[in-house]
Amino acid sequence: MTRHRSHRPNWRSFTAGGRKTNARMATPPRPHKPAFVYRWGAEKERRNGQAGPPAQTGVRFPLGGGKGTPEWAGRVVEAETAVTDGTVGGAMARPELRHPKNADGDWFVDTRCIDCGTCRDVAPHLFGAVAGRSVVRRQPDPAAATETVDAWRAAQACPTTSIGTLSRQRRPGRLYPFEIEPESGVFDCGYCSEDSFGASAWFVQRPSANLLVDSPRFTAALAGPMAGMGGIDHILLTHRDDVADAARYAERFGARVWIHESDRRAAPFATDVLSGTAETEIVPGLVAVPVPGHTRGSVVYLLEDRFLFTGDSLAWSHERHDLTAFRGACWYSWPAQADSLERLAAGGHRFAWVLPGHGARVQADPEELHDRLECLVDRMRDAA
Ligand code: SF4
């Protein structure tokens with residue numbers, strides 16, 4: 001699809017001084033700033049269907065080992081190989097590239113940051129945006145133990161390993177997979193992949209079938225704990241941009257891989273292909289709902305009428321304190337995306353969590369989220 005910026009007046013509407021027509025979000029507070037809207041879009045499209053980058057860790061796992069394979073019974077939990085001294089997979093934030101706008105103190109973001117926004121979504125109280133980069137907005141308060149862990153969690157999620165400490169603090173143990181709510185069995189994977197521009201991925205542990213929604217980068221630091229929790233049965237791809245290392249996870253765990261036919265080119269290894277806009281039950285309690293708009297083959301996955309995995313079709317905005325969709329990052333059709341979200345709202349489903357690829361995650365009362373979704377659709381139509 002050919003793009004002409006002159007036909008897209010709000011191409012940079014989340015980030016720069018251009019017109020801001022996004023879903024009637026033209027007024028303060030300052031707009032959300034997922035830089036993938038304007039910097040990564042073309043690159044993501046260019047990469048679509050191409051092989052991902054080489055593995056980060058160099059660790060190779062044997063074939064098979066998933067449920068139903070001969071290796072299953074003897075599968076062992078791999079030792080976590082990521083080091084614990086403030087590095088991730090051997091990479092470190094680089095003090096010599098420390099961004100000058102970081103708040104004074106030990107923690108810093110270096111200028112290799114690609115502005116995916118993940119750290120600002122994981123720890124919005126600590127990280128902020130400055131001219132196309134993230135910086136430490138406020139140093140973690142040592143008296144508040146959770147703040148340091150929050151900073152570490154952001155560091156471990158960062159796809160470019162740009163977050164670190166001048167003093168080379170030691171990471172406080174394993175941080176991911178991180179259960180988003182006690183006893184939920186739903187985990188933030190962290191370890192975002194640069195190939196998906198830092199999109200979040202989610203692991204779900206259930207007795208019937210474990211799930212991976214989109215893909216983090218492949219690392220033993222995740223594959224080991226996942227194996228210990230029973231491996232992965234289904235990989236659910238929300239759309240073509242967030243495939244990342246899904247093939248490696250599928251190979252490692254013998255998992256089935258789901259994607260919509262319209263985005264299938266990005267995951268030719270998929271075993272199960274969704275089509276049309278009808279809902280599909282994948283396993284009891286798990287429904288795939290096609291939502292064409294962000295891409296033609298975008299899908300959201302609703303688990304137990306509680307957890308909605310949305311890819312880049314729907315997210316929370318900390319700045320606006322509301323649900324949002326990314327007008328400037330809509331690669332297929334904004335009106336179609338509004339139609340899709342309207343269908344989702346009208347479908348009788350409810351959800352208490354919105355767990356996106358890009359943008360912030362949120363937990364709220366299901367009726368409130370439903371009302372907010374309906375209001376978002378109205379704003380999207382006004383902005384069409
Ligand atoms: S997670 Fe890393 S790459 Fe993404 S905005 Fe933060 S510092 Fe930049």
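Tutor: First, a ground rule: a residue is buried if 20 or more other C-beta atoms lie within 10 Å of its own, exposed if 12 or fewer, and partly exposed in between, with C-beta atoms placed from the backbone. What you're looking at is a predicted model, where local features need pLDDT of at least 70, side-chain atom pairs count only at pLDDT 80 or more, and totals for chains, interfaces and linings use all residues. Residue numbers start from 1 along each chain as its sequence is written.

Student: OK, let's do helix H6. How far apart are its end C-alpha atoms?

Tutor: Helices (H or I, at least four residues) and strands (E, at least two) are DSSP runs, numbered from the N terminus. The expected span of a helix is 1.5 Å times one less than its number of residues. H6 covers residues 334–346, and its 13 residues should therefore span 18 Å; the end C-alpha atoms agree with that, at 18 Å.

Student: How wide is the arc that holds the buried residues of H6?

Tutor: The buried ones are Trp334, Gln337, Ala338, Ser340, Leu341 and Leu344. Take the directions from the helix axis to the C-beta atoms, which is how the arc is defined. Seen down the axis, these residues line one face of H6, because they fall within an arc of 160 degrees.

Student: And which residues are exposed on the other side of H6?

Tutor: For the buried side, the cover includes strand E13 (286–290), strand E14 (299–303) and helix H7 (366–383); contact here is C-beta atoms, placed from the backbone, within 7 Å. Turn to the other side of H6 and the exposed residues are Pro335 and Ala346.

Student: Which residue of E19 is the bridge partner of tryptophan 353?

Tutor: E18 (residues 353–356) pairs with strand E15 (residues 307–311) in the parallel sense over 4 bridges, and there tryptophan 353 partners phenylalanine 307. With strand E19 (residues 362–363), E18 runs antiparallel over 2 bridges. On that side, the partner of tryptophan 353 is glutamine 363.

Student: Which glycine in the turn between E18 and E19 has a positive phi?

Tutor: In E18, Trp353 and Leu355 point one way, Val354 and Pro356 the other, and all are buried. E18 and E19 form a hairpin with 5 residues between them, and the one with a positive phi of about 90 degrees is glycine 359.

Student: Is histidine 321 buried or exposed?

Tutor: Most residues other than glycine have a negative phi. Histidine 321, though, has a positive phi near 55 degrees, and its place is the loop between strand E16 (315–317) and strand E17 (322–324). With 11 other C-beta atoms within 10 Å, histidine 321 is exposed.

Student: How many other C-beta atoms lie within 10 Å of cysteine 192?

Tutor: Cysteine 192 is in the loop between strand E6 (186–188) and strand E7 (202–204). Leaving aside neighbours within four places in sequence, its contacts include Thr118, Ala157 and Arg217. Cysteine 192 is buried, and the count is 30.

Student: Last one: which residue is joined to proline 177 by a cis peptide bond?

Tutor: Proline 177 is in the loop between strand E4 (163–165) and strand E5 (178–179). Omega of the cis bond is about 0 degrees, and the residue joined to proline 177 is tyrosine 176.

Methods: Contact = placed C-beta atoms within 7 Å. Pairing = 2+ DSSP bridges.
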